[in-house]
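Open the model in your viewer and keep the sequence panel beside it. The stops below can be selected one after another.

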Amino acid sequence: MELCKKSECTGCMACINICPRKAIVLQQDEEGFLYPIILKDNCIKCGACAKVCPQMNSKRSEENYDKKVYAGWMKNRRLRRRSTSGGAFTAFAKEIMSNNGVVYGAGFDKDNKVIHKRITKKSELKQLRGSKYVQSYIGNTFSQVKDDILNGMPVLFSGTPCQIDGLYSYLGNRYEKQLFTIDLVCHGVPSPEIYSKYLEYLEKQYKSKVNKMYFRDKEPGWYVFGMRVEFQNGFVYKKNTYEDPFARGFLRNLFLRPSCHSCHYANNQRIADVTLADFWGYQSTNEKDYDDDKGISMIMINSSNGDVLFQQAKHQMRYFARDVEQAVQGNPALSHCFPPAENREQFWLDVHSNSFEYVIEKYMYSEEIPEWFKFREQQIKSYKNDRRKHLPNRVFRRVLGNKLYEKLKKIK
Ligand SMILES: Cc1cc2nc3c(=O)[nH]c(=O)nc-3n(C[C@H](O)[C@H](O)[C@H](O)COP(=O)(O)OP(=O)(O)OC[C@H]3O[C@@H](n4cnc5c(N)ncnc54)[C@H](O)[C@@H]3O)c2cc1C
Ligand code: SF4
Ligand code: SF4
Ligand code: SF4
């Protein structure tokens, strides 16, 4: 039995979830990505894995739906601030939870690895909130979704488009009105191996274990995002997107999964009911839809099922209709996938033969703030490491109020 070519395998894990004999195991390659391997002795050649692989047979939605696009953000300022874009994901997820449903998405395990999780309480939603720019481990979540559906629960599943394609392929049914799906506009997923080397490098440098990761901290603004890492000893690492080595390597396409460079999903023929993204290229038209640099979601409704969910969740958001062209124009990942960096091969040779410090200096070095963004230079540069403990910070902020707290911080 043959699965798809390695270069096309997205690691969606539909094949593993479907195999009736547990004859497929995952093997990590030298770049740290996981690939399925069939154990010949256990395989009964039933063909289910090849039938379910989305890269061997794509089953796109056949519904002829006239897409709608909205720009939006959550009315709740705290939740918007903690989300990557405008927080649309949280608005949809809360609605599913209010109907006693379950929500699946990418979170962290106890070692800060990125994994897909099943969440049943609103208070746990923070685990899924925020983009994690690393390939998420799907595990057996597809079969958990099936169980939830058979138990009559409303389900929201979120992930990259290839993960959603894998889920539908595995289920063989869209289970409309019970299963709702969200996919992200996707630049590509970075290697878990580089992510783990990056964490090790930070832990060595700051002499403490990483406690919490935020790949898109909004303190320096939504447009210039920040990498914020909180350590167990209270130290807070903060680097803007032009400085942080992981962000630089990700955006230079040095360590994305190979299938991302020939991605079938980088267009507006979407798999999921709803597509979410940053609304790059957003244009405000009046003071009500003013862009305040706090994050705007691009919400693309791709099916009538998606519209059902949007109608239920929209009361939590401020939203404004936009056309599909505006969404596509500002977001390259909606029209094409990204080629690998020219020096990708050499990068990996160096990763395997040199120290990570060397690799950072050679490939993941800082970048000048671009000319068009110089007017934000002060704001970007003032985003600096912080030695204070997290708890007093939070308490001070609450007691003093946001304005006074920010003023005192500047004086310090
Ligand atoms: C790897 C990756 C690449 C992206 N590339 C782009 C891009 O090129 N252009 C663009 O406009 N937007 C991109 N996004 C999407 C964007 O960063 C936001 O995730 C999206 O707009 C949702 O934001 P939100 O404010 O609604 O919710 P948030 O709370 O910020 O997002 C949470 C959602 O993201 C999902 N998620 C987080 N990390 C992962 C992961 N590793 N794998 C699968 N799902 C994950 C969660 O399951 C949840 O559904 C990307 C996201 C990821 C994870
Ligand atoms: S052919 Fe059937 S038994 Fe063999 S690996 Fe594929 S799904 Fe499993
Ligand atoms: S089903 Fe997914 S993980 Fe399995 S071979 Fe196909 S793309 Fe790879
Ligand atoms: S770029 Fe394409 S193949 Fe890569 S993770 Fe995103 S959707 Fe999957």
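Select Met227 first: Met227 stands opposite Lys239 in β10. Strand β9 (residues 226–231) pairs with β10 in the antiparallel sense over 5 bridges, where pairing requires that DSSP finds at least two bridges between two strands. Helices (H or I, at least four residues) and strands (E, at least two) are DSSP runs numbered from the N terminus. This is a predicted model, in which local features need pLDDT of at least 70 and side-chain atom pairs count only at pLDDT 80 or more, while totals for chains, interfaces and linings use all residues. Residues are numbered from 1 along each chain as its sequence is written, and chains are lettered from A and ligands numbered from 1 in the order in which they are written.

Next, select helix α9 (residues 304–313), whose buried residues are Asn305, Gly306, Leu309, Phe310 and Ala313; buried means 20 or more other C-beta atoms within 10 Å of the residue's own, exposed 12 or fewer, with C-beta atoms placed from the backbone. Viewed down the axis of α9, these buried residues fall within an arc of 140°, so they line one face of the helix; the arc is that of the directions from the helix axis to the C-beta atoms. On the face turned away from the buried side, select the exposed residues Ser304 and Gln311.
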